[in-house]
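The questions below go through the model shown here, and each answer ends on the value or name that was asked for.

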Amino acid sequence: MKRTLLTVAGLFCATAAFADGHAKTLTVYAPDYFGSEWGPGPSIEAAFEAQCDCDLVYETGNVLPRLLLEGQNTNADVVIGLNTDVTKQARESGLLASHSADLSALTLPIEWDDDMFVPFNYSHTAFIYDNTKLDGFDSFEALLDAPDDVRVVIQDPRTSISGLALVLWVNAVYGDEAEAAWARLAPKILTVTQGWSEAYGLFTDGEADVVLSFTTSPAYHIIAEEDLTKSAAIFEEGHYFFVELAAKVAGTDNPDLADQFMAFVLTPEFQSLIPTTNWSFPAALPQDQWPAGFQELPQPRTVLFYPEDAAAELRDEAIEAWRSALSQ
Amino acid sequence: MAQRAVAIVRFIPGFLTVALVLGLTLGTLVAVIVRAEGFGGLGPGEWSAIRFTLSQAVVSALVSVGFAIPVARALSRRDFWGRSFLITLMGAPFLLPVIVAILGLVAVFGRGGLLNAILASVGVEPASIYGFHGVVLAHVFFNLPLATRMILQGWLAIPAERFRLAASLNAPVGPLLEWPMLRRTVPGALLVIFLICLTSFAVALTLGGGPRATTVELSIYQAVLFDFDLGRAALLACVQFVFCALAAVLAYVASPPAGLGAGLDRVVTRWDGRWAGFDYLWIILAAAFLLIPLGMVLARGLQGLLLVDWPVLAAAWRSTWVALGSTALCVSMALALALWRSRWAQVIGVLPLATSSLVVGTGLFLILFPFVSPRQVALLVTLIINAALALPFAYRIILPAVRASLDDFGRLSAQLGLSGWARFRIVILPRIRRPLGFAAGVAAALSMGDLGVITLFAGEGQATLPLLMYRLMGAYQMDAAAGVGFILVTLSFALFWVFDRGGRVRADV
Amino acid sequence: MLTFENVALTQGAFTLSVEDDALPFGRVCVVGPSGCGKSTLLSAIAGFVPVGQGRILWEGRDISGVDPAARPVSMVFQDNNLFPHLSIAQNVALAVEPRLAISAATQRRVDDVLARVGLDGFGARKPAALSGGQQSRAALARVLLADRPVVLLDEPFAALGPGLRHEMLELVKDVLKGKLVMMVTHDPSDAQRFGGSTILIDAGHAARAQDTAAMFADPPEVLKTYLGQ
């Protein structure tokens, strides 16, 4: 009888300890590609759970709209995968908190001292081509001057974050002449897709010769497929900087855990997982620690970048230049 | 005349169906409007999107139906080996997931596709799929099977005696028999296809070639997910409803709703149309147009099949049970509506076609979020929305059979005291088995292929096959995505076939 | 006794007034040109057409508003008398088991009525496997099993050849003895063979029933016209 009681008590304690140990759940809102089986999500989850004694759960989808829809009642503790071109709206919503992470480890090509958003990876918008079929382009001008039978596929700036980055890139390079530049590119544009996936699919299927993607895209082909035929055209005018960010939610129930995760984002452990799962440059890892394949990737000499206020201000105008030139 | 005495009792399933459909369509819209605190305004971009949407939907509907008429006519009067299988198979594009279909179309009509390879070999300038005509081409690809079935149904409904009579009188069949039949069936077919094209946008975007091809649905997508301007989204959704209502009124004025092709095995014996070659040319053209892109998708997917691993199988399992649940719900709702003899049933039956799935998803999100975590109900919500979206098709498929069973046996049933569940089980159900099986097959395949609202709700371990396909594409794994596409097409079609077959086996009708 | 009191039936623009009458058990033919309202009269008695004005009574009880299934009436229609997807036995059994839960006792009664109409051993077949005459017999078997006092026959044998039709009429006379049997027909020879009394319908008016033999022996003007005399 006594033994039974003891056993029951032991079980109870064990359960309590178990419940306590896993009582905390860190809910991370992430884009679909991030949380999927083939994205960085699962390995990052495993690495963080090994040190936090918590349960990390991703909720995937369109991060910012979902956060805004849910408002103050959101379940999210951390959001990840936002891009600088939309952070103004996120910041002004009042739903996000400032972080306490130490940004000194950052290895970005630009200065970064934001108190709300922590970068976790970056790349640059770039046009990818098959180097066995094309010689490539050493400048934006060269692309615009290319014969019209070179077929380019891009993404819609109204529905795709990479498409938006492209119109800002064109704006950064051509300024007031952006619409004229678009008009020169227009005959070469095969089609405009809703998202990155459809465009890249058209490119790998051979339907398009050139696709709007990122400077890091060839790394996937080199490392995962041992295919050296895909190259990013490096333009002398420079490339638009594309950085993805994480932020802590103001109304989080687990502020300590959220802070812990924000700090974790900048650790070498997290950062070393980024290149071969997210297929982009880590934000806080010296270049000599990048995997082979990434170290050799050609990097643009000039990096163009609009901070969020400028991006928000230019956005409508840049999209309109694109729309009106391509609607002709 | 006997309807008063044999009146259908307003029963609970009918009420539930109406409540569910209204809640999902108008209720979600209201939720979005409330959250947006009113309507937003429309800019010049939105107005041009409205114009483009309308014009492409009108042209797509006209072209689909225009081509469907000779194809249906040819199929109605020619019998050949494999005819019934061909009719089933030609229905496949309608059941295809959009992204899969686009890849197939590009493989045939794209710049590097089969068509241009053939053109190049005979020294003709390459043709481009991208632009207004590309959007129309894709919509015709999706909707030609539907239009063909609806019109073929009309042809087969003309009693053989009439053709005999016309032949004996040496009267022209066209103005005497076919024109009145087309006048009855064509408006309904035009309406359905117009509505489908009104709310489709993934297609338009990829093949549209640029911002000229911006649809209302795309503008809604932009407003909700990119600008977070729910007021504008709500207003655009209302615009869609208005167009839907106008189109519906026009079509109903022109003719009562047509049935939607089940049981098309019969061939009408006719004494006109001696040029069989002309008919076979139409059949071959239509079959090639519909089946070659499908074949390309499957061929491309075959290579990727080796890359498929366990998350895909898990997603396939998930998609299958969501599709089965969705089918059960959809068919039950369609039956409830069909048994409810009211004009309102027809309005409810067409309403889901007019909705923007993104607004439905967003509205539902707003309604559910205060009570449950969206992640916990992701698959259930997907199941319910898929059922509602397939309802217009299932309803139209079974409606004529339900009506016929009531017309033929309503008096006998009343006389024998068969009512309620007994009448449904003994009189109606056995008599509508074939269309019911067909409707269930369509509902299952549509649910299987629909990406739908799962993207708004899904958490870890909840991906359906179409979502998985997008995720693979998003992770550069295009070959594996094609493999998933293969599985998706095969499963969709297998489900369709099983249900369709199940309805036919030992059906004494 | 089936009684008509001041009955008028309206269907769209068509109105049929029924002369007051009281029909005892026995056989009644309903005769008249096509489209005159013969079927309408039977439908009203069966409950498929509302009685716009007046009352129809059975044994002194008003049945005008009663549900078709609750009336003391069985009806055989021109067609669609048998469900094609049910066996003959099931079709017959529906008369007493609307949920098709057929007990052994019911099965015996079904076999019995099938034997009485000459369909011994046909119970397991589907209607499609029967000839037209056999299908009529099956419908009749169900009427027998239902065992209601009033039987309405709406040209049920119209599709049969003369020989078969006469055979069926004899069968009806034989097995439905002791009931009020009303039969619509447009064939004078059928009416004469059926005997009993006859209701003549013409120009929106149903006359009182008169002895069939007497009426055909000295036809009124209306019947003369109809017979082409």
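This is a predicted model, in which local features need pLDDT of at least 70 and side-chain atom pairs count only at pLDDT 80 or more, while totals for chains, interfaces and linings use all residues. Residues are numbered from 1 along each chain as its sequence is written, and chains are lettered from A and ligands numbered from 1 in the order in which they are written.

Q: Which residues of helix 1 of chain C are buried?
A: Helices are DSSP runs of H or I with at least four residues, numbered from the N terminus, and a residue is buried if 20 or more other C-beta atoms, placed from the backbone, lie within 10 Å of its own. In helix 1 of chain C, the residues that count as buried are C:Lys38, C:Thr40, C:Leu41, C:Leu42, C:Ser43, C:Ala44, C:Ile45 and C:Ala46.

Q: Why is helix 1 of chain C largely enclosed by the rest of the structure?
A: This helix spans residues 38–46, and C:Gly47, with a positive phi near 105°, follows it. It is largely enclosed because, of its nine residues, the number buried is eight.

Q: Which helix of chain B gives the most to the side that touches chain A?
A: Two residues are in contact if their C-beta atoms, placed from the backbone, lie within 7 Å, and 43 residues of chain B are in contact with 42 of chain A. Among the helices that each supply at least two residues to this side of chain B are helix 5 (98–109) and helix 11 (216–226). With six residues, the one that gives the most is helix 11.

Q: What percentage of the residues of chain A count as buried?
A: Chain A has 13 helices, and its C-alpha atoms fill a box of roughly 90 × 45 × 35 Å along the principal axes. Of its 328 residues, the buried share is 52%.

Terms used. A residue is buried if 20 or more other C-beta atoms lie within 10 Å of its own, exposed if 12 or fewer, and partly exposed in between; C-beta atoms are placed from the backbone.
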